[in-house]
Amino acid sequence: MNSLLSWPEPVVRVQSLSENGIRTIPGQYIKPITDRPELKPGSEIDEHVDIPVIDLRNLFGKDRALHDETLRRIASACEDWGFFQVVNHGVSHELMKRTRDAWREFFDSPLESKQLYANSPSTYEGYGSRLGVEKGAILDWCDYFFLNFLPVVLRNESKWPAQPTSCRELVAEYGAEVTKLCERLLKAMSMNLELQENYLQNAFGGDDVGACLRVNFYPKCPQPELTLGLSPHSDPGGITVLLPDHDVTGLQVRNNGKWITVKSVPNAFIVNVGDQIQVLSNAIYKSVEHRVIVNSEKDRVSLAFFYNPKSDLLIQPAEELVGADRPALYSPMTFEEYRIYIRMNGPRGKIQIESLKSNRKSPF
Ligand code: OGA
Ligand code: NI
């Protein structure tokens, strides 16, 4: 597919724009009035609620009652929100901090050293500044680094930053720890859906699952009211485990038509349900729209770890969740097919998953 071989326009690093001290942002980053952070009527920001925080200490622990209670909390967070924070998740806080600091150091390094990793839309691996290949598209105020973590055959450590020197090792260790957390979360979700406890893991390919990491860097922005760090989207994959910056907010989640700013708890991860879980659960769990706003005071780093089905497996609603009263809402499709579609178009709210509904025309 030719259109995925190169970017449609010269790539501009948002961080360079920001560091050049511009007072007004280029037109390509200015969102139409209705898409700007605070202005859309009917989608005001609700500052009084927050996503649930769940303590995972007792998940799969010895105490049956506490384990069941934890499962119930995960179930209602998945049903009501599709987004929650987890604490006592088993990943070392020190490892989280060191990994985030290493990425901050990468983004703080000179432009020439980052350009060695410049990416292309064929795989997105490396240093990038846009999602989608539509010429003339309005862009987000964000640079990122994207890498494949699983399956191991797709892991190409030589494409990961060589500087700081600890980066590759930290990513390997961090990815392995977060993978374990994802396995536990998939098990909990399978049990909550009354499926066999390994159902979702097996549907994702068992030991052959996919996983990738996108490290987002949102530079300071002189006109944050005109743009977004990341446009509204749902995550295309299975589940996402996000490590937000420790002291800068930015992530907003759509709930009942309002945007909610996530106030992250220290050392927590933010977990969300992706489109593939929506398909497998026949929409009992829904992927939720979210976006990122930027500010003029502080830049922000976040690490989004995406745990995904193996790319060539057909993903479809679990038979157990389909019946006469609840027909299958989605036709089978591989994650690879779905991802190509997303990568052509960039972030578009929930249009993409909605267009998969069996009664609608397929996007392909
Ligand atoms: C993402 C994402 C949120 C954030 O990378 O898909 O939603 O806070 N990131 O950076
Ligand atoms: Ni996302």
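Modeller: One term to begin with: a polar contact is a pair of N or O atoms within 3.5 Å; within protein, one must be able to donate a hydrogen and the other to accept it, and residues adjacent in sequence count only if both atoms are side-chain atoms. This is a predicted model, in which local features need pLDDT of at least 70, side-chain atom pairs count only at pLDDT 80 or more, and totals for chains, interfaces and linings use all residues. Residues are numbered from 1 along each chain as its sequence is written, chains are lettered from A and ligands numbered from 1 in the order in which they are written, and side-chain values use heavy atoms, without hydrogens and water.

Colleague: How far is the side chain of Y218 from ligand 1?
Modeller: An N or O atom in the Y218 side chain is 2.7 Å from an oxygen atom of ligand 1. Polar side-chain atoms of R300 and H233 also lie by ligand oxygen atoms, at 2.9 Å for R300 and 3.1 Å for H233.

Colleague: And how much of ligand 1 does the protein cover?
Modeller: On its own, ligand 1 has 290 Å² of accessible area, and the protein covers 98% of that. Such areas come from the Shrake-Rupley method with a 1.4 Å probe; for residues, only the protein chains shown count as cover.

Colleague: Which residues coordinate the nickel ion?
Modeller: The nickel ion (ligand 2) is held at 2.1 Å by H233 (NE2), D235 (OD) and H290 (NE2). Donors here are N, O and S atoms within 2.8 Å of the metal (3.2 Å for Na, K and Ca); water is not among the atoms, so sites may look incomplete.

Colleague: Are H233 and D235 buried or exposed?
Modeller: H233 is buried, at 9% relative accessible area, and D235 is buried at 4%. Buried means under 20%, exposed over 50%, partly exposed in between (1.4 Å probe, protein chains only).

Colleague: New topic: where does K31 sit?
Modeller: K31 is in the loop between α1 (14-19) and β1 (53-55). Helices (H or I, at least four residues) and strands (E, at least two) are DSSP runs, numbered from the N terminus. K31 is buried, with a relative accessible area of 4%.

Colleague: What does its side chain reach?
Modeller: The K31 side chain reaches the backbone oxygen of L139 at 3.2 Å.
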